[in-house]
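These entries record what I looked up in one protein model, in the order in which I looked.

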Amino acid sequence: MAFDDQVKRRFNVVGTRVTRPDGIDKVTGKAAYGADISAPGMLHGRILRSPHAHARIVSIDTSEAEALAGVKAVVTGADLAMPEDADFADVAINCLARDKVLYDGHAVAAVAATSKAIAKQAIRLIKVEYEVLPHVTDVDAAMKPDAPVVQEGRALENVPAGMSQNVTTYCKFGHGDLDAGFAKADKIIERSFKTAATHQGYIEPQACMASLGNDGRGEVWCCTQGQYMVRANCAAAMGVEESQLRITASEIGGGFGGKTSTFIEPVALALSRKSGKPVKIVMTRDEVLKATGPTISSSMDIKIGMTKDGRITAARGELRYSGGAYPNFTVEMGAQAAFAAYDLEAVETIGWNAMTNRPKEIPYRAPGAPTAIYAVESVVDELCQELGLDPLDVRLMNAARKGTLSSYGPTFNDIGLVATLEAAKAHPHYTAPLGPNQGRGLSCGFWFNFGGNTCVSLNINDDGTVGVVEGNPDIGGSRASISMMAAEELGVPYDKVRTVIADTSSLGFNDITDGSRVTFAVGLATIEAARAAIKEMCRRVAKIWDIDEDAVIWEDGAAKPAGPNAGTHPPMTLAEIAAIAGNTGGPIAGHHEVNADGAGVSFGVHLCDTEVDPETGAVKILRYTVFQDAGKAVHPDYVEGQMQGGAVQGIGWALNEEYIYGEDGRLQNPAFLDYRIPVASDLPPIETVILEIPNPGHPYGVRGVGETPIVPPLAAIANAVSRAANVRLTELPMSPPRVLKAITG
């Protein structure tokens, strides 16, 4: 559905700052999150996890746990099915290990008991005999031919021969003659970078309650970003048909991509099947950090050539990502995103993914892009320093725009990079004075945005209100945005529309809430569903007025004659049509199902000022401004919140957050006391500037906004710190000891 150029002149609801529909429930504690669900006779589940980074399971003795009073079921990996599909098999084995444990915290067995205390006691009674194996937690070490093998036979066919078996993915993107491009350069810089794995840091741990009967039919209530994904994973792990399971998504206390996989739901189902009772599992923070999947860790080499006037002549990158103990393809997105902000004649990006003895990597907004762009933007900034060039002007000179052949293949349509750069240049932040030990950093950011499978049902109620049923958990305010687009299209007030999230048995399949797809794709489907309902209302009014259907139009929430020849009938409002629907053919509804494309890529630019203490290496963020193209900001408050939230998470990633593994391969900081996320005192106000360059693939011009804000912060902060410290930083996080070491040499 293409952008309607006329629509931008008639928005009444879209673009306003309406009240959040779930706000009262959340601030009063009424909203039901995953851990709030309960049922009569419910048991409490607890999971035993491996203390080793890599080990063969020799035996598991559960007899003492089973004999403990109050224990109703004990399960191991043998109680889950082994799906033929490799992806489903990985999920099942990650939920409960089979022959080997692959990382510190890998689930080995689980119990269900009448109380949490008994379940905790029972876990201690399970005896597991391990044969400890060599492990590897660093991506560069994992890629060496003699590295300990995490899993055998998992490499894709295109991985070159002779590589370590840990290397599972290889990709290559680019175009042009690199040698010729570098030959034109007046300055070439080649640097290596490393980034640590970081966690999404959501407040709510994974939680679920599951019930599975002897007939194979079951229900699961859980906090997730995709109930249909949970259904597919659980059905495969339990060896039942998807139609036998009903999955209901609770309210979600943060996800950011971290709840796009399945960790405990199949375990709860297996315990329920064995015990005959509903089973509830709530992960501890220690379990969340050890076993639910952080971002990738990375090692990267970047080489860029530039002329003395700032033109980039050639660019090359090699990315090595650790996806944890299982194959994944995040490096492909990183490789595609790395140079996407630039119009380049010669570019090449190579990506490798290697398994390590770490938990399975899970997306953290814009997966793969922040680290790749951190490395690229750091080299661009260093070239600007070396050549004495303005870093913003250089980016404007080289910026991708409409018609640019992207570094990863497609030719860009309407994009907002130049507009965001120009907005940054015109903003007072860019020319504000800096003091001693202070520096200003700049970075561009990019994300693809997704569409995907979407199903929406819109119902006109007989009292004139409207109900929208969609299948994507609301993790960023989408219920308000969807209601706003329905109200806009129907011409009714926002408070007449209510959007709810369906369970898997109530609506057709929907992809996960990820990739900044929901406001775009569900909004598109909602608009189409509303138009279908409008068509039906006009048809019925035409019958009442005894005129042709095409003689009735819809304006301002009412059916009207299309012109003088259609008669002088007074307008019939949606409420009036709904009130007599039973006499004109029955209920009125609109439905739309689509595999949406045309999501439109997203660009942003971040400015950051930092101050570095030369005696301690401590970094203080002084000022931060985010510029981003939203296509159309449906709800500006939510858009600003996404922009600010991504910046804050990027600040944590850049300065303090990291997974620290000891020589034994065990995670050393599995708690928020030791894994340090930013708090309010660490942050300045985050200024936001929304730009609106309509996305031609959406009728209202909407682009996704949730992923892009986390992409530029790593580089913007690194560039600011490097300028403030007068030394180039090449490893994240830039913690005080690391910064001080760089300063003192």
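Entry 1: strand β12. I started at A210, whose bridge partner in β12 is V279. The model is a predicted one, and I read each entry with that in mind. I then looked up the pairing to which this bridge belongs: strand β9, residues 207-212, runs antiparallel to β12, with 4 bridges between them. Next I asked which other strand is joined to β12, and in what sense. Strand β1, residues 43-49, is joined to strand β12, residues 279-282, by 2 bridges, and these two run parallel. In this second pairing I noted H44, which stands opposite K280 of β12. My summary for β12 is an antiparallel pairing with β9 and a parallel pairing with β1.

Entry 2: strand β2. I looked up the partners of strand β2, which covers residues 55-61. Strand β4, residues 100-101, pairs with β2 in the antiparallel sense through 2 bridges. Strand β6, residues 127-132, is also antiparallel to β2, and here I found 6 bridges. I then followed A55 into each pairing. Its bridge partner in β4 is V101, and in β6 A55 stands opposite V132.

Entry 3: the whole protein. I recorded 21 helices and 27 strands for the protein. The radius of gyration is 27 Å, close to the 27 Å that the globule rule gives for 745 residues, so I may call the protein as compact as a globular protein of that length. For its extent, I noted that the C-alpha trace spans about 85 × 75 × 50 Å along the principal axes. Of the 745 residues, 61% count as buried. I also looked up how far apart in sequence the contacting residues lie. Taking contacts between residues at least 6 apart in sequence, I found that 79% join residues at least 24 apart.

Entry 4: helix α13. Which residues of helix α13 are buried? In this helix, residues 417-426, I listed L417, V418, T420, L421, A423 and A424 as buried. I then looked up what covers these buried residues. The cover includes the helices α12 (391-398) and α14 (428-431). It also includes the strands β16 (438-447), β24 (602-612), β25 (619-629) and β26 (686-691).

Entry 5: the second largest pocket. I recorded about 590 Å³ of space in this pocket. Its lining has 24 residues, and those closest to the centre are E251, R479, R498, T499 and V500. Which elements give two or more residues to this lining? They are β11 (245-249), α15 (478-490) and β19 (497-501). Of the elements, β19 gives the most, with 5 residues. By residue class, I noted 12 nonpolar, 5 polar and 7 charged residues in the lining of the second largest pocket.

Entry 6: the cavities. How many cavities of 30 Å³ or more are there? I counted 5. The largest cavity holds about 50 Å³ of space. Among the residues that line the largest cavity are T295 and I296, together with E361, I362, P363, Y364 and R365. P367, G368, P370, T371 and W653 also line this cavity. I sorted the lining of the largest cavity by class and recorded 7 nonpolar, 3 polar and 2 charged residues.

Technical notes
Residues numbered from 1 in each chain as written. Predicted model: local features only at pLDDT ≥ 70, side-chain atom pairs only at ≥ 80, totals over all residues. Heavy atoms only, no water. Pairing = 2+ DSSP bridges. 1 Å grid on protein atoms, 1.4 Å probe; cavity = no way out; pocket = protein on both sides within 12 Å on 5 of 7 lines; lining within 4 Å. Points joined across faces, edges and corners; volume = space filled by probe spheres on them. Nonpolar A, V, L, I, M, F, W, Y, C, P; charged D, E, K, R; others polar. Rg over C-alpha atoms; globule rule 2.2 N^0.38 Å. Buried < 20%, exposed > 50% of the residue type's maximum accessible area, 1.4 Å probe, protein only. Contact = heavy atoms within 4.5 Å.
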